Amino acid sequence: MTYRQKTKRILLTSLLFITSSLIAVSAGAAQLAIVIDDFGYRKQDDNRILELPPQVSIAILPNSPFGREMAEKAHRQGREILIHMPMAPISKQPLERDTLRPSMSAAEIDQLIKAAIARVPYAVGMNNHMGSAMTSDLTAMQHVMTSLSGSGFYFLDSVTIGSTKATQAAQGKPVRVLRRQVFLDNVQTEEETRKQLNRAVALARKQGSVIAIGHPHPSTVRALHKLVPMLPPDIELVSPGYMLTHAGKPSSVRPLPVKPVKPVEKEKQKPAEPEKPC
Ligand SMILES: [Zn+2]
């Protein structure tokens with residue numbers, strides 16, 4: 001074997017080793033889903049979010065002026081789309097048109113959900129915009145889940161209140177429910193988003209997967225553009241839908257969260273925190 005052939009063989013072996021190590025990392029990777037809410041109002045900021053990797057998912061407000069346009073664009077990129085369904089908060093604040101309220105009948109809720117689905121093409125899931133009053137009402141949320149039953153949609157609970165009944169309401173129905181654990185921008189600074197993204201990474205490593213929600217605020221956009229390309233190699237950026245069908249770490253090695261109610265308790269004290277008009 002010539003020197004040249006030897007070098008080639010060593011190089012090939014090293015390459016194979018590196019490739020198999022990478023595969024090993026991705027097989028045991030912890031999953032992180034990032035969903036950006038409140039899409040459809042601020043075209044410029046929304047477009048900056050659409051420059052992020054397509055694994056970052058978006059949630060579109062059904063009555064927003066640019067919602068359909070953003071859905072078309074995101075779909076062409078292979079990006080996952082959710083309907084960001086307006087739901088009534090406890091606190092008094094300006095509401096989106098066709099906001100779901102606990103006092104509505106099953107038929108009214110079904111009609112508004114079907115209209116939202118018709119307005120946001122390509123959506124595969126739904127999460128709540130605001131909703132501290134709506135999501136804490138079991139009967140109202142059962143109407144939501146009944147309406148979603150035939151759609152194949154999953155429901156991502158934004159968890160804007162600790163007493164949310166979304167998971168309970170889906171029991172016995174073919175709607176899969178996921179929960180948001182981290183808000184990336186309750187405080188609109190790059191530093192806060194960096195801190196919360198680090199928290200999401202730590203939770204993903206501990207639990208196997210985590211869902212973080214952010215908004216198209218300029219500080220969030222700037223932070224994500226810097227940080228998403230630098231995510232550690234043991235963290236796999238995925239969509240919530242992917243998470244539902246491809247579990248990360250095997251559940252046998254996934255430790256239970258030590259205090260799963262802690263972040264929820266914190267929000268209980270200020271349920272209106274993420275419920276800003278957009
Ligand atoms: Zn929202």
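Author: Happy to! One term to begin with: a residue is called buried if 20 or more other C-beta atoms lie within 10 Å of its own. Also, keep in mind that this is a predicted model.

Reader: Thanks. Which residues of helix 6 are buried, then?
Author: In helix 6, the buried ones are Ala140, Met141, His143, Val144, Met145, Ser147 and Leu148.

Reader: And what do the buried residues of helix 6 pack against?
Author: Their partners are helix 4, strand 4, helix 5 (132–135), strand 5 and helix 7.

Reader: Let's take helix 4 from that list. How is a pair of packed helices described?
Author: By two things: the angle between the axes of the helices, and the distance between those axes.

Reader: OK, at what angle do helix 4 and helix 6 cross?
Author: Helix 4 (residues 106–119) and helix 6 (residues 138–148) cross at roughly 50°, and their axes come within 9 Å. Because of that angle, helix 4 is oblique to helix 6. The crossing of helix 4 past helix 6 is right-handed.

Reader: Which residues make the contact?
Author: Helix 4 brings Ala106, Ile109, Asp110 and Ile113, while helix 6 brings His143, Val144, Thr146, Ser147 and Leu148. Sorted by class, the contact of helix 4 with helix 6 has five nonpolar residues, three polar and one charged.

Reader: What share of the contacts links residues 24 or more positions apart?
Author: Counting contacts in the chain with a separation of 6 or more, 74% are between residues 24 or more positions apart.

Reader: How many residues are in the largest nonpolar core?
Author: That core has 65 residues. Leu32, Val35, Ile58, Ile60, Phe155, Ala200 and Ala212 have the most contacts inside it. Strand 1 (residues 30–39) supplies the largest share of this core, with seven residues.

Reader: Pick Ile60 from those. What does isoleucine 60 touch?
Author: Leaving out residues up to four places away in sequence, isoleucine 60 touches Phe39, Gly40, Gly67, Met70, Ala71, Ile81, Ile83, His84 and Val120.

Reader: What about methionine 85, is it buried or exposed?
Author: Buried, because methionine 85 has 29 C-beta neighbours inside 10 Å. Methionine 85 is found in strand 3 (residues 81–87). Its contacts, setting aside residues up to four places away in sequence, are Leu100, Ile113, Ala116, Met126, Asn128 and His129. One of them, Ile113, also belongs to the contact of helix 4 with helix 6.

Reader: How far apart in space are methionine 85 and alanine 59?
Author: Their C-alpha atoms are 8.7 Å apart, and in sequence the two are 26 residues apart.

Reader: Now the backbone. Which residues other than glycine have a positive phi?
Author: Among them are methionine 130, with phi near 60°, and valine 159, with phi near 50°.

Reader: Where do methionine 130 and valine 159 lie?
Author: Methionine 130 lies in strand 4 (residues 125–130), while valine 159 is in the loop between strand 5 (154–157) and helix 7 (166–169). Methionine 130 is buried because 30 other C-beta atoms lie within 10 Å. Valine 159 is buried too, because it has 24 other C-beta atoms within 10 Å.

Reader: Last one: how do helix 8 and helix 9 cross?
Author: The axes of helix 8 (residues 190–207) and helix 9 (residues 218–227) come within 8 Å and cross at roughly 50°, which means helix 8 is oblique to helix 9. The crossing is right-handed. Glu190, Thr193, Arg194 and Leu197 of helix 8 meet Ser219, Thr220, Arg222, Ala223, Leu224 and Leu227 of helix 9. By class, that contact has four nonpolar, three polar and three charged residues.

Conventions:
Residues numbered from 1 in each chain as written. Predicted model: local features only at pLDDT ≥ 70, side-chain atom pairs only at ≥ 80, totals over all residues. Axes fitted to C-alpha atoms, helices over the stretch in contact; angles between N-to-C directions. Helix = DSSP H or I, 4+ residues; strand = E, 2+ residues; numbered from the N terminus. Parallel < 35°, antiparallel > 145°, perpendicular 65-115°, else oblique. Left-handed = near helix turned anticlockwise from the far one by under 90°. Contact = placed C-beta atoms within 7 Å. Nonpolar A, V, L, I, M, F, W, Y, C, P; charged D, E, K, R; others polar. Core = buried A, V, L, I, M, F, W, Y, C linked by C-beta atoms within 7 Å. Buried ≥ 20, exposed ≤ 12 C-beta atoms within 10 Å, placed from the backbone.
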